[in-house]
Amino acid sequence: MEYEIKGGAFPIVICKLQKGETMKDESGSMAFMTPEVKMETNTGGGLLKGLGRALSGDSLFLNFYTAENDNQEIGFASSFPGKIIPIELNGSNSIIGQRSSFLASEKDVNIDMYFKKNLGTGLFGGEGFILQKFTGNGMLFLEIDGEVIEYDLQPGEKMVLDQGHLAAMEESVEFDIQRVKGVKNVLFGGEGLFLSTLTGPGKVWIQTMPISRLAGAIIPYIPTSGN
């Protein structure tokens, strides 16, 4: 499978498939495909697996697209302004992504719900409680809110993030939360009570504009009924 990412702030990944090659996506991300691509919809591993994906922010069903001849194309478009990042899984590495980060992948990539075991993280970590875990073999495409910045954390190296800005990380990165110190910082800092703490080793992808923050910025300008 070959691919190309186009579109700037409104990206699309175009995959070129040879006969028998299969891509899958969540419902609604396919933008176009050539005629000799066959589509099939199912839960991708049973009802429980589908429910797990639904809880982690994606759809209950997956669409599978198989090329019935060589040199077929299919395009998967992001659902909001941002970036599409390609990650190759080789069977030994795994990626943890934010809710709803999955855009598309080759068929042998597994998508599972990922829980943080730390109760504090679950209660206060916001975006960090239920995440998505990607394993298996093949290309994985994630959709990221806004621009994306990559960091390679060394063993023991730490980074503190505002909640929601974590787009994805390698599973080797430890994720936890810490309470903001200082009463004035809590009351007037605008960052809430808790921040996310990442500890290396491993790669981290940081997004600049979480969709939740974008929605919050737009809501005051939406007219209410009766106005």
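This report describes a predicted model of one protein chain, from its overall make-up to a few individual residues and pairs.

Because the model is predicted, local features are given where pLDDT is at least 70 and side-chain atom pairs where pLDDT is 80 or more, whereas totals for chains, interfaces and linings use all residues. Residues are numbered from 1 along each chain as its sequence is written, and side-chain values use heavy atoms, with hydrogens and water left out.

**The chain as a whole**

The chain holds 4 helices and 18 strands, where helices (H or I, at least four residues) and strands (E, at least two) are DSSP runs numbered from the N terminus. Of its 227 residues, 42% are buried; buried means under 20% relative accessible area, exposed means over 50%, and partly exposed lies in between, with a 1.4 Å probe and protein chains only. Among contacts (heavy atoms within 4.5 Å) with a separation of 6 or more, 78% are between residues 24 or more positions apart. The accessible surface of the chain is about 11800 Å², and 55% of this belongs to carbon and sulfur atoms; such areas come from the Shrake-Rupley method with a 1.4 Å probe, and for residues only the protein chains shown count as cover.

**Strands β1 and β2**

Strand β1 (residues 2-6) runs antiparallel to strand β2 (residues 12-17), and 5 bridges join them; two strands pair if DSSP finds at least two bridges between them. The two strands form a hairpin with 5 residues between them, and G7 in the turn has a positive phi of about 110 degrees. Within this pairing, E2 stands opposite K16 in β2.

S29 lies in the loop between β3 (22-26) and β4 (30-33) and is buried, because its relative accessible area is 6%. Its side chain reaches the backbone oxygen of E26 at 3.4 Å, and a polar atom of the S29 side chain also lies 3.3 Å from the backbone oxygen of L103. Not counting residues up to four places away in sequence, S29 touches G75, F76, A77 and L103.

N63, in strand β6 (residues 62-67), is buried as well, since its relative accessibility is 7%. The side chains of N63 and Y65 make a polar contact at 3.4 Å; a polar contact is a pair of N or O atoms within 3.5 Å, where within protein one must be able to donate a hydrogen and the other to accept it, and residues adjacent in sequence count only if both atoms are side-chain atoms. Beyond four places away in sequence, the residues that N63 touches include M23, K24, D25 and M39.

**Salt bridges and a surface patch**

The structure holds 3 salt bridges, each being a side-chain nitrogen of Lys or Arg within 4 Å of a carboxyl oxygen of Asp or Glu.

| Pair | Closest N and O atoms |
|---|---|
| E147 and K83 | 3.6 Å |
| K133 and E171 | 3.1 Å |

K203 is partly exposed at 23% relative accessible area, and E150 is partly exposed at 47%.

Elsewhere, I218, I219 and I222 form a nonpolar surface patch with about 290 Å² of accessible area together. Patches are made of residues with over 30% relative accessible area and no salt bridge, with like charges joined within 9 Å and nonpolar side chains (Val, Leu, Ile, Met, Phe, Trp, Tyr) within 5 Å. I222 lies in the segment after α4 (211-218) and is partly exposed, with a relative accessible area of 48%.
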